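Below are my notes on the model, as numbered points. Please read them with the coordinates open.

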Amino acid sequence: MRKPFQGTLGPDVTHASSGPDDQSISRRRLLGGTLVGAVGAVGASAAAPLRDGQMGAPPREYNGAMPWREGAADAPFPAEPGGFRFFTPQELAFIEPAIDRLIPPDPTGPSASEANVHVFLDRQLAGLYGRGDHFYLGGPWPKGVPEQGYQSRLAPAQMYRQTIPAIERHVGGAYSGKAFKGLAPDQQDQLLKGLESGQLKLPDADGQAFFAMFLQNVLEGYFSDPLYGGNKDMAAWKMIGFPGAHYDYAEWALRHGERVPFPPVGIMGRPGWSAGG
Amino acid sequence: MAKQLPSVDAVLVGFGWTGAIIGQQLCDEGLQVLALERGVWRDTPTDFAPTFAQDELRYMWRHHLFQNLAQDTLTIRNNVNQQALPMRRLGSFLLGAGVGGAGIHWNGQIWRFLPSDLKARSHNLQRYGKAVVDAYDMTVQDYPVSWEELEPHYDMFEKICGTTGKAGNLRGQIQAGGNPFEGPRSDEYPNPPLPYTYGPALFAKAADNMGYKSFPQPTGNMSRPYTNPLGAQLGQCTYCGFCEKFGCGNYSKATAQTTILPYLMAKPNFTLRTECEVLKVERTPDGKRATGVTYINSAGETFFQPAEIVVLSAYVLQNVHLLLLSGIGQPYDPQTGQGLVGKNYAYQCTGAVNVFFDDKILNPFIGAGALAATVDQFNGDNFDHSGLGFIGGAYIAHSNTGGRPIEMIYTKPGTPRWGLKWKQEAAKNYLRSLSIQTHGSVMAHRGNYLDLDPTYRDAYGRPMLRMTFDFTDNERKMSAYITAKAAEIGQAMEGATAIKSSPRTGSWNVVPYQTTHNTGGAISGDNPRNSVVNKYLQSWDVSNLFIMGSGAFPQNAGYNPTGTVAALAYHSAAAIKDQYLKRPGPLVQA
């Protein structure tokens, strides 16, 4: 069982996946299912799981005081160590070179893979985000206009799973059987630009919608708190000069133009921060 | 079958800012008040404690505190010739959820509208003529409430929030250092302005050199420790830069939780039920009186909650949805112009100018939600619109809200969005660039409205709300004109080497974040033929139904709406206490 780094309650990451069709079924199951409480009961069992969302917790009634429950901090879950949980070796063969075209290596700072962005993507796609938590995925699914935004029926994990092989099929056809990782960097860039602009049409996937999600997720993995598996050693923050999850700059607000000397800190601290190191 | 519960004096549907305000006001009158909130309880130590509040991924990009669209969304389109499709991912606006609502993750910009904003039709008609006011199929109308009526309630909200700022017009006397265009205020702000960090200081200097009278934006971010009139204590802001889109871990941002709930939750005559979603406002057979509400809880149980007064205090989109689902009033039809519920949906028209420096370290991460230097010269009717082809306006501000790197890295024009060049430019510019915002009005338009979607259904099988909205040339011309003014200030900033100007162009797009300032659909007016509610936010059709929120705005002004939303709520509460409770019935004769 995963534990949040602090506190005792956190998002229930074990609930069943909600596919595109079963949002309402999932909801009904939730409403009529195990998370039962009663109106009129003051408070609720501290063991009741909180969900990462607004509904589905047991109904509660509050009267007479500001509610507060010890140990109920809604702390985040760190990415788990270890091997890949979502990506297949074939998918990684695309992901690792592709993320390093988006953020390549150079002396300025880490490349995406040096910052463990592929690990971040893996943990995100294996978790709630990958399942489309906070996406509405119900049908019908006409394409719509660009102003209407994301209109796929696919949750992010499905989007990656469907599009990466479609890209590799296209590469194989266009480059006599090669895979994406076997292309020259310029060829990889051309392909990614084709997806980004929509000029490269994949017969069986929406490459443009995938690219928009992919680029956003790569930036997230590069610059988010290392808690989530990317931004290794906070090197992306060091590169730009962001001190991270720093809590108090009051003494610095009026020191205009001075470099803030603090090394970056993450939500879980930083190496050498605590007595235990 | 719904189980019937014991009656209460007032039931509140939704428990964010307006629910907290109206709840506190009515409880102080001794009423038994029940709030029904579909989301969960939230508070600082449990939900956004300082040990984990500064998390850009979780809160901004994974929407941890926002409305979960998997559970409730709406459909969107630009015009009636398109098929509306579900908003599948939050973007343009970031809806709140749970106790405190979007007030948890707001920046804390506490503005008043201009006196002339409240007379948008008659004022512009007199100054520019009918052809200008009626251009672009606009359906602009006056607010039924005057500046003089709202002023004491603005003042009350500012004191509740510990608002920081500098008065520009104190009882008719123009004050140095404040906004010279604001309406006359009865009192100074309760707290002094936040001192400027480097970016706002550079902006203010450039603007003042150009002859604009810049001033610090009024904020709900504390410049010093403060105890409000309800005894709630707030702490001095630490400039952590995680304010908008985040909960404040430091009790430094005014929210319902930090200003009203410590008082209200302790009241014996107040009860809150969470995880309870209201499905319908129930009425007597003649439809003229609300008998209460039907709601479902998260255990799937349905209840009928009788009440003497029903207050819709959810977000504007939920309030209008509930009116339409309850069959209250006539839905607006853009083809005929008939009907009122859903009419005059409006929004905010924003633009931006990025300014780049070579030799200045700006430290953008030292920020606060509303820490801004502001120019109000081009807002509302603070300038002559003759020949410009638009009405309304925008404030121009550099708001140093923070430097969250996934969202807030700016690159110069011509920089690619990824690759080595992007990486090098991002590394170079992060500490050396800033964004000037133009924050503008959206006038009401015949084709912009809210109704029920014919295709998509929500989790309860009911039609989703459908939003039909686009900017008109009125907004596009306004944005072009004022963003150009902002660019002039940017170019004049000491050390600026490049700018990138992004006025609002084209159609409204749901993808990029703009503002969570949705308005209209339950508009207020001076008679039941032009509005859903009167100036006390009382339904013309159902006199014991009060509809809070920005739905009452006939069109949107160039300021953030929360100050006016709160002032209207206090104004409504005063009328309920002083008039309605003594003689229940219509407060304004039709």
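1. Domains of chain A. In this predicted model, the assignment for chain A gives domain 1 as 89-235 and domain 2 as 243-277. The C-alpha centres of domain 1 and domain 2 of chain A are 32 Å apart. Contact between them involves 4 residues of domain 1 of chain A and 6 residues of domain 2 of chain A. The side of domain 1 of chain A that touches domain 2 of chain A consists of 3 nonpolar residues and 1 charged residue, with no polar ones.

2. Helix α5 of chain A. Helix α5(A) covers residues 185-197, which is 13 residues. From first C-alpha to last it reaches 18 Å, close to the 18 Å expected at 1.5 Å a residue. After α5(A) comes A:Gly198, which has a positive phi near 85°.

3. Faces of α5(A). Which residues of α5(A) are buried? They are A:Leu191, A:Leu192 and A:Leu195. Viewed down the axis of α5(A), the buried residues fall within an arc of 95°, so they line one face of the helix. An α-helix has 3.6 residues a turn, so residues three or four places apart point the same way. The cover over the buried residues of α5(A) includes α2 (89-102), α4 (156-174) and α6 (207-223) of chain A. A:Asp186, A:Gln190 and A:Ser197 are exposed on the other side of α5(A).

4. Contact between the chains. Chain A contributes 85 residues to the contact and chain B contributes 86. On the side of chain B that touches chain A, the elements supplying at least two residues each include α2 (44-47), α3 (56-61), β4 (75-77), β5 (85-86), α7 (198-209), α9 (261-264), β11 (270-274) and α11 (420-429) of chain B. The largest share of that side, 5 residues, comes from α11(B). By class, the residues on the side of chain B that touches chain A are 44 nonpolar, 28 polar and 14 charged.

5. Strand β1 of chain A, residues 60-62, pairs with β11(B) in the antiparallel sense, over 3 bridges. A:Tyr62 has B:Leu272 of β11(B) as its bridge partner.

6. A sheet in chain B. Four strands of chain B form an open sheet with mixed pairing, in the order β5-β4-β20-β19. The edges are β5 and β19 (449-457) of chain B; each has a single partner strand, so one side of each is left without a neighbour in the sheet. β19(B) and strand β20 (residues 463-468) of chain B run antiparallel and are joined by 5 bridges. The bridge partner of B:Leu450 in β20(B) is B:Met467.

7. Helix α4 of chain B. In helix α4(B), residues 120-128, the buried residues are B:Ala120, B:Arg121, B:His123 and B:Asn124. Their cover includes α5 (130-133) of chain B. B:Gly129 follows α4(B) and has a positive phi, near 95°.

8. B:Thr227. This residue lies in strand β9 of chain B, residues 226-227. Is B:Thr227 buried or exposed? B:Thr227 has 10 other C-beta atoms within 10 Å, and a residue counts as exposed at 12 or fewer, so B:Thr227 is exposed. B:Thr227 and B:Ile160 are 67 residues apart in sequence, while their C-alpha atoms are 8.8 Å apart in space.

Methods
Residues numbered from 1 in each chain as written. Chains lettered and ligands numbered in written order. Predicted model: local features only at pLDDT ≥ 70, side-chain atom pairs only at ≥ 80, totals over all residues. Contact = placed C-beta atoms within 7 Å. Nonpolar A, V, L, I, M, F, W, Y, C, P; charged D, E, K, R; others polar. Pairing = 2+ DSSP bridges. Expected span 1.5 Å × (residues − 1). Buried ≥ 20, exposed ≤ 12 C-beta atoms within 10 Å, placed from the backbone. Arc of directions from axis to C-beta. Domains from an automatic or database assignment.
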